[in-house]
Amino acid sequence: MKYISSLVLAVLLTGCSYSSSTQSGSVGADRKQMMIVSSKDMREGSAKAYKQVLSDANTKGILNKDKVMLSKIRAIAKRLIPHTKVFKKDAPAWKWEVNLISSKELNAWCMSGGKIAFYTGIIETLKLNEGQIAAIMGHEIAHALKEHGRERASSQAVSNMGLGLLQKSLGLSQATTKLAGMAYNVTVGLPFSRKHETEADRMGVELAARAGYNPLEAVRVWQKMSKHSKGAPPEFLSTHPSSATRIKDLTKYSQKVMPLYKKAKK
Ligand SMILES: [Zn+2]
């Protein structure tokens, strides 16, 4: 691992692209990213990991139990998804899925390729209204659009020097299993970096605004989170750090996309 690493790295980097995974939108989401893991592999891994999450939840009897809440979050997704084209032309045609898990956890996420999960805990505990659910969903969708999971998997592949060789040396199904584990980890298991959070915040408010949701609801969400977190912060908060800086940035970008909201409301 130590001294062969430069050779392995060279092999891995052959297939690496270094460009922005999205168009810029109004909020300027055009940061260039190093990608080694392919989009296709990420989506296949995510689809598999997502299926596993749903099947586990189903076994526990906590999948899509609250039909009213489920149809609410699905309706919100339906309004947001067409606007993903602003950042990624093919995204509206992804195989989107939206499911609800009954759990006290303050959590929500979107895996590569548009596989969304909401936990009842975040909606109930923070008493989120529709616009606030849309704000969180827009943020999570933005992570998937900007392919933050893929970007992190790519840096992991470089640091582990493993993935490319793994895929070559293992049969496809085993490789897919590894990818599923990786897709799960980079979406659900590990915290996103500050850089990714800020990017998802900005893209999220634009998605919400274009779908006709007041972008300022995102600010209210983080104020609620911040209030709720007094004492021991919930897991969702520790991975999505709330701070004065974040609220300030969200306020600024909410104002920036306000004309899009006003136009959508007409
Ligand atoms: Zn996030």
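**Figure 1. Helix H5 against strands S4 and S5.** In this predicted model, helix H5 (130-145) lies across S4 and S5. The direction of H5 is at about 30° to that of S4. Met137 is in contact with Ile76, Ala77, Leu80 and Ile116, leaving aside its neighbours within four places in sequence.

**Figure 2. The open sheet of three strands.** The strands follow the order S3-S5-S4, and their pairing is mixed. Strand S4 (108-111) and S3 each have a single partner strand and stand at the edges, so one side of each lacks a neighbour in the sheet. From one strand to the next, the twist averages 15°. Strands of a sheet pair through backbone hydrogen bonds, in either the parallel or the antiparallel sense. Four bridges join S4 and S5, which pair in the antiparallel sense. Cys110 has Ile116, in S5, as its bridge partner.

**Figure 3. Helix H2 on the sheet.** Helix H2 (residues 39-59) packs on the sheet and touches S3, S4 and S5. The direction of H2 makes about 30° with that of S5.

**Figure 4. The two sides of helix H3.** Helix H3 spans residues 67-80, 14 residues in total. From its first C-alpha to its last, H3 reaches 20 Å, close to the 20 Å expected at 1.5 Å a residue. Ile73, Ile76, Ala77 and Leu80 of H3 are buried. These residues are on the same side of H3, because they cover an arc of only 100° around the axis. An α-helix has 3.6 residues a turn, so residues three or four places apart point the same way. Lys67, Val68 and Lys78 are exposed, on the other side of H3. The cover over the buried residues of H3 includes strand S3 (97-101), strand S5 (115-119), helix H5 (130-145) and helix H9 (194-210).

**Figure 5. The largest nonpolar core.** This core has 67 residues. Ala77, Leu80, Phe118, Ala134, Met137, Ala208 and Ala218 are those with the most contacts inside it. H5 contributes nine residues, the largest share of the core. Two of the residues named here, Ala77 and Leu80, are also listed among the buried residues of H3.

**Figure 6. Asn64 in the loop between H2 and H3.** Asn64 is placed in the loop that joins H2 and H3. Phi of Asn64 is near 50°, which is a positive value in a residue other than glycine. Most residues other than glycine have a negative phi.

**Figure 7. Glu147 in the loop between H5 and H6.** Glu147 lies between H5 and helix H6 (148-160), in the loop. Glu147 is a residue other than glycine with a positive phi, near 55°. Glu147 counts as buried because 23 C-beta neighbours lie inside 10 Å.

**Figure 8. The protein chain as a whole.** Twelve helices and five strands make up the secondary structure of the protein chain. Of its 266 residues, 43% are buried. Among contacts with a separation of 6 or more, 75% are between residues 24 or more positions apart.

Methods: Residues numbered from 1 in each chain as written. Predicted model: local features only at pLDDT ≥ 70, side-chain atom pairs only at ≥ 80, totals over all residues. Expected span 1.5 Å × (residues − 1). Buried ≥ 20, exposed ≤ 12 C-beta atoms within 10 Å, placed from the backbone. Arc of directions from axis to C-beta. Contact = placed C-beta atoms within 7 Å. Pairing = 2+ DSSP bridges. Axes fitted to C-alpha atoms, helices over the stretch in contact; angles between N-to-C directions. Core = buried A, V, L, I, M, F, W, Y, C linked by C-beta atoms within 7 Å.
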